[in-house]
Amino acid sequence: MKFIQISRVITGVLAPHAKLFPKSRWVSYIVAQMNAVQSALDMIARPQVQ
C-alpha cells in the first residue's frame, strides 16, 4: 500500500534529515510535499460519507 510506503519514507528517511538540517529549505519543502501526498492518500483510502 502506497500510504504505508510514504509513511515509512517520511519517518525513516526524511525525519532524520530534518533533524540534522532543521533550517534547510530543501528538507522542509520535501517534508511538506510528502505530508501532502500522505494526506491525499489517507483521504482517498477513507472517504467520508455524507
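Analyst: Of the 50 residues of the chain, 14% count as buried, where buried means under 20% relative accessible area, exposed means over 50% and partly exposed lies in between, with a 1.4 Å probe and protein chains only. This is a predicted model, in which local features need pLDDT of at least 70 and side-chain atom pairs count only at pLDDT 80 or more, while totals for chains, interfaces and linings use all residues. Residues are numbered from 1 along each chain as its sequence is written, and side-chain values use heavy atoms, with hydrogens and water left out.

User: What makes the chain more spread out than a compact globule?

Analyst: The chain has 2 helices and 0 strands, these being DSSP runs numbered from the N terminus (H or I of at least four residues for helices, E of at least two for strands). Its radius of gyration is 13 Å, well over the 10 Å that the globule rule gives for 50 residues, so the chain is more spread out than a compact globule; the radius is taken over C-alpha atoms, and the rule is 2.2 Å times the number of residues to the power 0.38. Along the principal axes, the C-alpha atoms fill a box of roughly 40 × 20 × 10 Å.

User: Why are H1 and H2 called roughly antiparallel?

Analyst: The axes of H1 (residues 2–20) and H2 (residues 25–45) come within 10 Å and cross at roughly 160°. Angles over 145 degrees count as roughly antiparallel, under 35 as roughly parallel, 65 to 115 as roughly perpendicular and the rest as oblique, and H1 and H2 are therefore roughly antiparallel to each other.

User: Which residues of H1 and H2 meet?

Analyst: Among those in H1 are Phe-3, Ile-6, Ile-10 and Leu-14, which belong to the set meeting a group in H2 that includes Val-27, Ile-30, Met-34 and Leu-41; contact means heavy atoms within 4.5 Å.

User: How do you know whether Ile-44 is buried or exposed?

Analyst: Ile-44 lies in helix H2, and at 65% relative accessibility Ile-44 counts as exposed. Ile-44 is 25 residues from Lys-19 in sequence and 30 Å from Lys-19 in space, C-alpha to C-alpha.

User: Why do Thr-11 and Val-37 carry the labels they do?

Analyst: Thr-11, placed in helix H1, has a relative accessible area of 57% and is therefore exposed. Val-37, in helix H2, has 36% and is therefore partly exposed. Val-37 and Ser-7 are 30 residues apart in sequence and 9.8 Å apart in space, C-alpha to C-alpha.

Notes
Axes are lines fitted to C-alpha atoms, for helices over the stretch in contact, and angles run from 0 to 180 degrees between N-to-C directions.
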